[in-house]
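Subject: Structure handover

Hi,

Here is the structure I promised to pass on. Please open it first, then read my notes below.

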Amino acid sequence: MYGKLQSILMAGVIAATGMLVQDANAFTRQAATIDAANGNIVKVAIARKPAAKYQRRVVKLDTDEAPGTIIVDTNNKFLYYVEGNNRATRYGIGVGRDGFGWSGVMKVQRMAEWPTWVPPREMVARERRKGRILPDRVEGVKGNLNNPLGARALYLYKGRNDSGFRIHGTNEPWSIGLNMSSGCIRMMNKDVVHLYDRAQIGAKVIVVGPGNRQGKVRFNDQGVDYFRQLFASFE
């Protein structure tokens with residue numbers, strides 16, 4: 001009798017263990033912990049973060065572009081703010097998904113803090129075909145987590161014409177390093193604020209990407225400038 005009871009208990013432990021493993025594996029963005037007080041399993045959400053290489057860094061950048069120029073490397077998901085003397089600040093970015101990538105030379109003609117988002121007509125029509133109705137606009141209110149433009153936006157123009165593309169923040173930092181947008185350049189909110197405080201109206205923006213419409217541009221990322229990065233970390 002004791003042997004049968006022991007076998008039943010052992011089978012129960014094995015089954016419970018299997019259920020725990022299966023349940024934990026189902027939550028790829030959560031951790032399963034044990035509540036010591038009552039033995040219950042508690043699932044704790046883990047915030048998704050971009051890969052470490054997309055964190056803001058001061059780098060050595062071999063280029064002949066003037067200080068204040070913004071170079072967007074959509075292939076490697078980096079944006080460079082040229083500072084002169086072969087130095088630049090490098091930011092991780094998210095870029096256009098398949099079919100929405102582009103290249104060219106633009107200028108920053110407008111900048112906004114906590115910008116209002118007005119979805120383009122093409123996007124409204126595209127999303128409607130999918131059964132999703134977009135709002136006419138989302139007001140730019142500080143801290144509004146429903147605004148896809150995030151904390152700041154730099155509006156890109158071709159001549160006098162608004163290209164419809166922006167460099168802007170995002171409330172989905174895990175999307176940095178991915179091809180997910182409709183052509184705009186996404187940055188982490190803390191990074192777009194950092195760039196916003198340095199960029200100027202009229203700044204040249206070179207977007208290197210599909211079609212190579214940016215023309216000839218030379219830039220060579222030679223890695224982190226560790227000495228200057230040390231001081232930048234105190235900003």
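Start with the largest pocket. Its lining takes at least two residues each from strand 8 (104-113), helix 2 (121-129), strand 10 (161-170) and strand 11 (179-181). Strand 10 contributes the most, with seven residues. Helices (H or I, at least four residues) and strands (E, at least two) are DSSP runs, numbered from the N terminus.

Before going on, two notes on the source. This is a predicted model: local features need pLDDT of at least 70, side-chain atom pairs count only at pLDDT 80 or more, and totals for chains, interfaces and linings use all residues. Residues are numbered from 1 along each chain as its sequence is written, and side-chain values use heavy atoms, with hydrogens and water left out.

Back to the pocket. The volume of the largest pocket is about 1,000 Å³. Its lining counts 39 residues, and Trp 117, Met 123, Pro 148, Ser 182 and Arg 186 are the closest to the centre. A pocket here is an open set of points on a 1 Å grid over the protein atoms alone, where a 1.4 Å probe fits, with protein on both sides within 12 Å along at least five of seven lines; lining residues have an atom within 4 Å of a point. By class, the lining splits into 17 nonpolar, 11 polar and 11 charged residues.

Next, Thr 74. Look for it in the loop between strand 4 (70-73) and strand 5 (78-84). Is Thr 74 buried or exposed? Thr 74 is buried, because its relative accessible area is 11% and buried means under 20%, exposed over 50%, partly exposed in between (1.4 Å probe, protein chains only). Its side chain reaches the backbone oxygen of Val 208 at 2.7 Å. Beyond neighbours within four places in sequence, Thr 74 is in contact (heavy atoms within 4.5 Å) with Val 95, Val 207, Val 208, Gly 209 and Pro 210.

Then Gly 140. This residue sits in the loop between helix 2 and strand 9 (152-158). Gly 140 is partly exposed, at 27% relative accessibility. Not counting residues up to four places away in sequence, Gly 140 touches Trp 114, Pro 115, Thr 116 and Asn 147. From Gly 140 to Arg 152 is 12 residues in sequence and 9.5 Å in space, C-alpha to C-alpha.

Last, the whole protein chain. Its secondary structure comes to four helices and 14 strands. Of its 235 residues, 38% count as buried. Among contacts between residues at least 6 apart in sequence, 62% join residues at least 24 apart.

Best wishes

Note on methods:
Polar contact = N/O pair within 3.5 Å; in protein donor to acceptor, adjacent residues only side chain to side chain. Points joined across faces, edges and corners; volume = space filled by probe spheres on them. Nonpolar A, V, L, I, M, F, W, Y, C, P; charged D, E, K, R; others polar.
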